[in-house]
Amino acid sequence: MGTYFKVPTLSKKIVIYLILILWFLFAIFPIYWALTMSFKDSPSVYGKKPTYLPFVDFKPTRKAWTHLIGRSLPGEDEFVQMPVLGENLRYLRNSIVVALCSSILTVIFGVMAGYGLTRFEYRRWKNDDISFFILSQRMFPPVALAMPFFLLFTWIRLIDKLPSLIIVYAIMNMPIVTWIVKEFFTDVPKEMEEAALVDGCTRWRALFRIIIPMAVPGIAVAFLFSFIFCWNEFLIALTLTFKSAKTLPVGMSGLTTLRGPLYWDIAANSLIIMIPPLIVTIFANKYIIRGLALGAVKQ
Amino acid sequence: MIGKSDRRMKYTLMVPVVSFILIIAIFPLVFSLFMMLSQWQPGSGGLQFVGLKNFNYMIHDKRFWHALWLSFAYVAILIFFELTIGTLIALVLQRDVKGKNFFRVTYMLPMLLAPIAVSYIWKMIFDFNRGPANHWLTLLGLRPVEWLSGEFSAIISLIIVDVWQWTPFMILTILAAFEALPEELFEAAVVDGGSPFRIFQKITLPLALPVIVTIVLLRTIDAFKVFDTIFILTGGGPGTATELMNFYIYLRGFRAFDLGYGTAMSWAQLIVIIAMFMFFIRSLKRIGALR
């Protein structure tokens with residue numbers, strides 16, 4: 001690091017860290033608020049002013065988290081389970097199945113397209129045209145796709161079934177996944193592959209034995225992006241499911257009209273939806289940052 | 001060099017991908033062109049061709065124009081704040097600060113969280129009586145604000161949530177663009193006695209501009225897609241004060257089940273956005289900001 005990057009004076013240092021810490025507080029506060037809220041009880045929520053610090057401002061309870069697994073605390077009125085996670089955790093299972101299957105499907109297609117685009121030359125369509133064709137899928141607003149998909153899936157009787165969501169998400173994630181995988185494949189040196197080919201390896205074998213293992217980080221990034229997108233997606237799931245195929249966000253969106261604002265329960269439920277992305281961010285942040293940089297900077 | 005088996009592999013790889021996209025994405029698109037000229041017949045369950053009736057109705061639909069105008073205002077304000085804050089923080093993080101990685105990771109958190117869950121949390125924060133937002137205002141000696149039920153404040157609240165969630169995208173991508181610039185350039189500028197502001201103005205900004213433009217374009221495309229936060233936070237209200245384009249399309253398409261009209265509106269929106277992009281890209285190219 002050279003002189004430009006060093007922060008010279010103390011006053012400048014203070015300004016810089018002030019900016020960083022202010023945004024840090026702003027970024028982290030809502031998550032902190034949900035976390036503390038999920039341990040609150042009615043006296044601390046409906047009191048005169050908001051309470052911020054556990055043990056100092058309010059006494060934490062396990063109430064919301066007990067409700068979440070469908071039980072109630074002793075001495076409490078019989079609790080009507082909030083259907084956020086679905087009966088027998090159905091919505092939770094749906095979310096996991098859809099996100100996993102769709103991401104696997106997208107990554108397989110992404111690897112195929114990525115390898116094809118980086119190693120072969122398509123004369124009739126041109127490689128750039130194929131790339132653009134795949135990328136252009138990103139332009140269309142989901143609501144514009146939702147309506148024809150709704151009719152299409154109604155006709156072929158896939159409405160309110162998991163495969164419909166898996167297919168639509170796979171299409172929506174194709175651009176970013178292909179893009180990331182392609183960039184990582186470009187980084188794998190061609191010589192390694194050629195050496196294997198000279199040794200009598202077939203191209204298919206080389207793909208599975210050399211290219212894919214070397215691009216595992218890239219494939220993982222693509223998979224994570226796709227998984228988080230599927231996990232968070234709401235509009236398509238809202239329009240294509242009504243009952244049995246509902247995912248977590250759709251299950252959660254019904255909360256408002258259910259009963260009064262039971263804030264602690266709402267907070268615990270939002271945290272459940274937020275946990276997988278949080279885990280991914282904490283453990284795979286390097287890869288996510290690299291993926292973002294690839295997606296935006298290299299275009 | 002390309003043998004027969006290689007050729008077979010070449011097409012085995014690409015044909016499934018392209019045909020999957022063609023069948024699953026292009027079919028609905030082409031089909032929606034037919035839908036926008038039709039009307040959904042409840043009961044019979046079919047579409048009836050009505051020609052340009054939907055577009056004729058759209059021209060006289062005040063709610064459509066309101067939603068379109070509102071969407072553009074929303075996106076413009078959003079991009080302004082996210083770009084300004086994003087560039088500022090990226091500039092700071094480009095420096096040699098302690099805990100750089102810590103800040104990068106914590107800043108990234110909001111972006112990956114489900115908008116639905118995030119909206120519920122912000123709903124609690126914006127709560128008139130019990131939310132911390134109003135608590136702080138009163139601590140500062142200001143009046144509490146009707147965050148989600150005021151006509152003007154409701155849209156501001158939506159913008160705050162979006163800035164919270166998506167400024168990280170700007171920060172991280174712009175930072176990546178800055179870090180891709182050669183370090184020697186900055187050192188040379190410092191030796192020549194350039195002040196940080198002039199270095200930003202003369203080196204960082206011009207060199208990173210093409211990337212920043214791309215980032216802004218990507219963000220703009222996504223910003224127009226806003227739906228989840230409106231659905232949870234305001235429901236388009238009060239009245240139609242936060243009824244942005246996608247939300248209005250959803251209301252007409254799926255609540256009123258006017259699929260034909262909804263499709264017509266989404267095409268109209270798409271065309272307006274693409275036209276705007278082409279105009280921007282052309283003028284950016286003219287002033288030399290984009291290659």
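Biologist: What makes H6(A) count as mostly covered?

Modeller: In this predicted model, 10 of the 14 residues of H6(A) are buried, where buried asks for 20 or more other C-beta atoms within 10 Å of a residue's own, exposed for 12 or fewer, and partly exposed for a count in between, with C-beta atoms placed from the backbone. Among the buried residues of H6(A) are A:Val143, A:Ala144, A:Phe150 and A:Phe153. Because the model is predicted, local features need pLDDT of at least 70 and side-chain atom pairs count only at pLDDT 80 or more, while totals for chains, interfaces and linings use all residues. Residues are numbered from 1 along each chain as its sequence is written, and chains are lettered from A and ligands numbered from 1 in the order in which they are written.

Biologist: Which helices do the buried residues of H6(A) pack against?

Modeller: In chain A they pack against helix H7 (162-187) and helix H11 (235-240), and in chain B against H1, helix H11 (245-255) and helix H12 (259-286); helices here are DSSP runs of H or I with at least four residues, strands are runs of E with at least two, and both are numbered from the N terminus.

Biologist: Why is H6(A) called roughly perpendicular to H1(B)?

Modeller: Helix H6 (residues 142-155) of chain A and helix H1 (residues 4-35) of chain B pack at an angle of about 90°, with axes 9 Å apart. That makes H6(A) roughly perpendicular to H1(B), since angles of 65 to 115 degrees carry that name, while those under 35 count as roughly parallel, those over 145 as roughly antiparallel and the rest as oblique.

Biologist: Which residues of H6(A) and H1(B) meet?

Modeller: Taking contact to mean C-beta atoms, placed from the backbone, within 7 Å, A:Ala144, A:Leu145, A:Met147, A:Pro148, A:Phe149 and A:Leu152 meet B:Pro28, B:Phe31, B:Ser32 and B:Met35.

Biologist: Why is B:Ile274 called exposed?

Modeller: B:Ile274, which lies in helix H12 of chain B, has 11 other C-beta atoms within 10 Å and is therefore exposed.

Biologist: How many helices and strands does chain A have?

Modeller: Chain A comes to 14 helices and 0 strands, and of its 299 residues 44% count as buried.

Key. Axes are lines fitted to C-alpha atoms, for helices over the stretch in contact, and angles run from 0 to 180 degrees between N-to-C directions. Two residues are in contact if their C-beta atoms, placed from the backbone, lie within 7 Å.
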